[in-house]
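Please read it beside the sequence and the coordinates.

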Amino acid sequence: MATQAPESGAVTERKSLGGGEATYRPPKVEKGKDEKEIAPEVEERRRTLIEQRKKEKEEAAAKLAEENRLYKQRLSQQTGRDSKRADPTILAAASEAQKARESMRKQSSKKFEKEYQRKRSSFDNITGKDEKKISPQTLQAQQAVVSQKKQEKEEQQRKLAEENKKFFEKF
């Protein structure tokens, strides 16, 4: 059984290959460049566009290089910060104001240092005494409780050590 393929005009045959039917197609034939060739006008237009873009890019690079050169030249010609050429009296007044600010800063620093030293010396005078003025009987009772708790803790540790010793002697 042979059929005609509508788009290529090639004849295909159906052959039985094992369990079912399959269509045999002949190998594809490479088509020449003639069918895909671009029209000469289009190729010429593409070439002119490529050349135009390349020329524009070169012009932009040249313009940027010139701008950079002018910028560097302008920077190299600049000198100092006093481009306004201020009056010497104004400069002297600014210098005096700066000196006044520095002296105020030093005075303020000395003031803070004195206050710090005063507070620091008040901390040195703290002896750790009870400032609440607890009566001697209450203070003695507190000390008795503390010593009793200390003795209880020592007794517990001693008992634990004995138990551990007995336990580990078995092994």
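Helices (H or I, at least four residues) and strands (E, at least two) are taken as DSSP runs and numbered from the N terminus. The model is a predicted one, in which local features need pLDDT of at least 70 and side-chain atom pairs count only at pLDDT 80 or more, while totals for chains, interfaces and linings use all residues. Residues are numbered from 1 along each chain as its sequence is written, and side-chain values use heavy atoms, with hydrogens and water left out.

**Chain and confidence**

The chain contains 3 helices and 3 strands. Their order along the sequence is β-β-β-α-α-α. Confidence is given as pLDDT, the predictor's score for each residue from 0 to 100. The chain has an average pLDDT of 81, and 75% of the residues score at least 70. Among the elements of the chain, α1 has the highest mean pLDDT (94), whereas strand β1 (residues 2-4) has the lowest (50). Where pLDDT is low, the predicted coordinates should not be read in detail.

Accessible areas were computed by the Shrake-Rupley method with a 1.4 Å probe; for residues, only the protein chains shown count as cover. A residue is called buried under 20% relative accessible area, exposed over 50% and partly exposed in between (1.4 Å probe, protein chains only). On this scale 1% of the 171 residues of the chain count as buried.

**Salt bridges**

A salt bridge is counted when a side-chain nitrogen of Lys or Arg lies within 4 Å of a carboxyl oxygen of Asp or Glu. The structure has 6 of these salt bridges. The table lists some of them.

| Salt bridge | Closest N and O atoms |
|---|---|
| R47 with E43 | 3.4 Å |
| E44 with R47 | 2.9 Å |
| E155 with R158 | 2.1 Å |

R47 and E43 are both in helix α1 (residues 40-77), where 4 residues, about one turn of the helix, lie between their positions. E44 also lies in helix α1, 3 residues from R47, again about one turn of the helix. R47 is partly exposed because its relative accessibility is 43%. The relative accessible area of E43 is 31%, so E43 is partly exposed. E44, at 41%, is likewise partly exposed.

In helix α3, E155 and R158 are 3 residues apart and therefore separated by about one helical turn. E155 counts as partly exposed because its relative accessibility is 31%. R158 has a relative accessible area of 40% and is partly exposed. Through shared partners, salt bridges join E43, E44 and R47 into one network.

**Aromatic pair and nonpolar patch**

A pair of aromatic rings is described by the distance of the centres and the angle of the planes. Rings of Phe, Tyr and Trp (its six-membered ring) pair if their centres lie within 6.5 Å; planes under 30 degrees apart count as stacked, over 60 as edge-to-face and the rest as tilted. This rule gives 1 aromatic pair. The pair is formed by F167 and F168 and is edge-to-face, with 5.3 Å centre to centre and 75° between the planes. F167 is partly exposed because its relative accessibility is 42%, whereas F168 is exposed, at 55%.

Which residues make the nonpolar surface patch of about 410 Å²? The patch is made by F167, F168 and F171. Patches consist of residues with over 30% relative accessible area and no salt bridge; like charges are joined within 9 Å, and nonpolar side chains (Val, Leu, Ile, Met, Phe, Trp, Tyr) within 5 Å. F171 belongs to the segment after α3 (136-169). With a relative accessibility of 74%, F171 counts as exposed.
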